[in-house]
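Colleague: I'm new to reading protein models. Could you walk me through this one, feature by feature?

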Amino acid sequence: MEKVIVNASTKYDILIDKGILDKCGEYIAELELGGKAAVITDDNVNFHYGERVMKSLRNAGINAKKYVFNHGESSKNHTTLLNIYDFLAENGYTRSDFIVALGGGVVGDTAGFVASTYMRGIDFVQIPTTVVAQSDSSVGGKTAVDIPAGKNLVGRFHQPRLVICDTDTLNTLTPAFFSDGMAEVIKHGMIKSRELFDILSAKDIKENMVDIIRRNVTIKGQVVENDEREHGERMLLNFGHTLGHALEKYYNFQKLTHGCAVSIGMSTFTHIAERRGMCNPGVANHLDELLIKCGLPITDRAPLKDLFELSLGDKKHLANGMNIVICTDIGQSEVVNMSVDEYRIFLLGEV
């Protein structure tokens, strides 16, 4: 089993291997959190893994109850939050208890936000079951829900106490859902690791998922350690997301999944940056080749003018402009602060 240690404000381990889900109760018990567990999951994940996790917790002597909500981004809202708060209160959960987030990014973001706010903050454990959750969103303590004005606009930083990644859970993902998660994996290679990018390009990805997840969470963990609250280096993790979030909103979170939107965002920004001499020649084509290998799109018909306007509502829009992430080469990236006018010229070529 691989173990990566994250030394953030809360120090925690990330455990990675095949077939470790049935031992999750044993690993959680070692934390000696005390109290009882609330397993928060969605209906899809519950069908495959809910009872296995509950059984493992019971076998480890942990008293647990389960809350299941409907899967999908549309559930990542305040209605779901309030329903979970009510569930916790009605079942007598206190500050001594903890949450287990079992599922993908929506479950992790939502359950993590609940943990960060219920009783002004309780412990939680992440058991991610998707590529994007295992490689990215379960690590780093970002929790959030969506509001009509935009995605992830209401949230908190709240680090987990443990992350358990069983790569066998990825076998129940549809090919499209697996591909979707690979956008964040490729992102890590682009911003920080030529070695990871080359492994993804040259090797069979599914046969090497334990190593790939280990490399991803190592990169994510190091970035979080250096900049937990996203004031500097952690902004690099937003590569592809400025345009990606705008695309999601353009289609009202219906047509494009998050990974597909981020994929288009990474490709579009890199092609523009290359044309403007901001990154080395050939980078955009190499990126496109890997995105296509992973079954991800690189273009969309949404007008850039509309996406420009929508991206101004993103969290990366500051009072003094926009923070744009540019990859100057594969494995090398930087945050470029642009005024709104500079960003307009960058994206649209307009004054």
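Colleague: Let's begin with burial. What percentage of the 351 residues count as buried?

Modeller: Keep in mind that this is a predicted model. In it, 57% of the 351 residues count as buried.

Colleague: And what is the fold built from? How many helices and strands are there in the protein?

Modeller: You'll find 13 helices and 12 strands. The radius of gyration is 20 Å, close to the 20 Å that the globule rule gives for 351 residues, so the protein is as compact as a globular protein of that length. If you draw a box along the principal axes, the C-alpha atoms fill roughly 60 × 40 × 35 Å.

Colleague: How do I read contacts along the chain?

Modeller: Take the contacts between residues at least 6 apart in sequence: 73% of them join residues at least 24 apart. Ala246 gives you a case to look at. Its place is in helix α9 (residues 241–250), and at 2% relative accessibility Ala246 counts as buried. Leaving out residues up to four places away in sequence, Ala246 touches Leu307, Leu310 and Ser311. Ala246 and Asp306 are 60 residues apart along the chain, with 8.6 Å between their C-alpha atoms.

Colleague: Got it. What about a residue in a loop? Is Thr169 buried or exposed?

Modeller: Thr169 is buried, with a relative accessible area of 2%, and its place is in the loop between β9 (162–166) and α6 (175–192). Not counting residues up to four places away in sequence, Thr169 touches Leu21, Tyr49, Pro128, Thr129 and Gln134. Thr242 is another story: Thr169 and Thr242 are 73 residues apart in sequence and 30 Å apart in space, C-alpha to C-alpha.

Colleague: Which residues is Ile186 in contact with, leaving aside its neighbours within four places in sequence?

Modeller: Ile186 is in contact with Leu200, Met266, Leu287, Leu290, Leu291, Cys294 and Leu296.

Colleague: And how do I read pockets?

Modeller: Rolling a probe the size of a water molecule over the atoms shows where empty space is left. Look at the second largest pocket, where about 190 Å³ of space lies. Its lining divides into five nonpolar, three polar and four charged residues. Among the lining residues are Lys18, Asp168, Phe178, Lys206, Glu207 and Met209.

Colleague: Where does Asn152 lie, and what is its phi near?

Modeller: Asn152 lies in strand β8 (residues 150–157), and its phi is near 60 degrees, again a positive value in a residue other than glycine.

Key
Residues numbered from 1 in each chain as written. Predicted model: local features only at pLDDT ≥ 70, side-chain atom pairs only at ≥ 80, totals over all residues. Heavy atoms only, no water. Contact = heavy atoms within 4.5 Å. 1 Å grid on protein atoms, 1.4 Å probe; cavity = no way out; pocket = protein on both sides within 12 Å on 5 of 7 lines; lining within 4 Å. Points joined across faces, edges and corners; volume = space filled by probe spheres on them. Nonpolar A, V, L, I, M, F, W, Y, C, P; charged D, E, K, R; others polar. Helix = DSSP H or I, 4+ residues; strand = E, 2+ residues; numbered from the N terminus. Rg over C-alpha atoms; globule rule 2.2 N^0.38 Å. Buried < 20%, exposed > 50% of the residue type's maximum accessible area, 1.4 Å probe, protein only.
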